[in-house]
Amino acid sequence: MRVRVLLFASYRDLAGTGELDIQLPRGATAGRLIRSLREGGDGLGKLPNEPVVAINQEYATLSTALVDGDEVAILPPVAGG
Amino acid sequence: MLARIVDQPIEPAAVLAAVGDEADGASVLFLGTVRDHNDGRPVDGLHYEAYREMAESVLAEIAEEAAERAGTRRIAVCHRTGELAIGDVSVAIAVSTPHRAEAFDAARYVIEEIKSRLPVWKRECYADGDAEWLPGDVPGRHAQSSVPGGPHSRRGSEHHG
């Protein structure tokens, strides 16, 4: 299955891009996605093990199973206001 | 109710004008503004970035929660993104209620929730040309925000009181 990954702020700087299309086995969790990104090396190797994620614009846990077409955002600790 | 992420300068008077009613005896306007220093280092400006679509829906949720708390829908909140200079308004929150306690409480609630869970980040730009993303809060790792007795103190994430 294919998921769209969005990266923001310092994580986007690590990746060199704000958007990636990633292929994963069906049923893969958000945690699995993070592991794949970290193992891909380069800047993304520096992502934390357990970053905050949002799936389809809702905060979600890393144990959440993804489905084809999901939008997964990887979010640094927030600093608004 | 108004809950917007904008990329243009915020007009505080317009945000205040979005609330108010003949039944209300109190209006509160909170402005967050960019200050000229952080941790003793002179700041030239701030760059704010948002996960825009999610930030709009989280901001609307925060406003709904504040409305439920205060018993009013006369709440307006606007958060700006992009390049901000010293003194610029980054966030404006207006609330009006029949009595002042609820208005103060609701405005405080909104800003605390923004800081705790709105998907927005800020990068400080220093006079020497350097720039740094500021550390922030992990949403959900803290207990549901209740209005505290004393000030929040988070290294780097408070740009205004």
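## Basis of the model

The model is predicted, so local features need pLDDT of at least 70 and side-chain atom pairs count only at pLDDT 80 or more, while totals for chains, interfaces and linings use all residues. Residues are numbered from 1 along each chain as its sequence is written, chains are lettered from A and ligands numbered from 1 in the order in which they are written, and side-chain values use heavy atoms, with hydrogens and water left out.

## The contact between the chains

Chain B gives 28 residues to the contact and chain A gives 21 residues, where contact means heavy atoms within 4.5 Å. About 2000 Å² is buried between the two chains, and carbon and sulfur atoms give 59% of that area. Buried area is the accessible area (1.4 Å probe) that two parts lose on being put together, summed over both. In chain B, the residues that lose the most area to chain A are Tyr51(B), Met54(B) and Trp121(B), together 35% of what that side buries.

The count between the chains is 1 salt bridge, a term for a side-chain nitrogen of Lys or Arg within 4 Å of a carboxyl oxygen of Asp or Glu. Glu49(B) and Arg12(A) form a salt bridge, with their closest N and O atoms 2.7 Å apart.

## The side of chain B that touches chain A

The elements of chain B that give two or more residues to this side are β4 (41-50), α2 (52-70), β7 (89-97), α3 (100-117) and β8 (120-126). Helices (H or I, at least four residues) and strands (E, at least two) are DSSP runs, numbered from the N terminus. The largest share, 5 residues, comes from α3(B). By type, the residues of this side divide into 16 nonpolar, 5 polar and 7 charged; Ala, Val, Leu, Ile, Met, Phe, Trp, Tyr, Cys and Pro count as nonpolar, Asp, Glu, Lys and Arg as charged, and the others, Gly among them, as polar.

Of the 10 residues of β4(B), 7 are buried, so the strand is largely enclosed by the rest of the structure. Buried means under 20% relative accessible area, exposed over 50%, and partly exposed in between (1.4 Å probe, protein chains only).

Strands pair if DSSP finds at least two bridges between them. Strand β4(B) runs antiparallel to β8(B), joined by 7 bridges, and Gly45(B) stands opposite Cys125(B).

## Two residues of chain A with positive phi

Most residues other than glycine have a negative phi. Ala9(A), however, has a positive phi near 50°. This residue lies in helix α1 (residues 9-15) of chain A and is buried, with a relative accessible area of 1%.

Asn56(A) also has a positive phi, of about 50°. Asn56(A) is in the loop between β3 (52-55) and β4 (58-60) of chain A and is partly exposed, with a relative accessible area of 41%.
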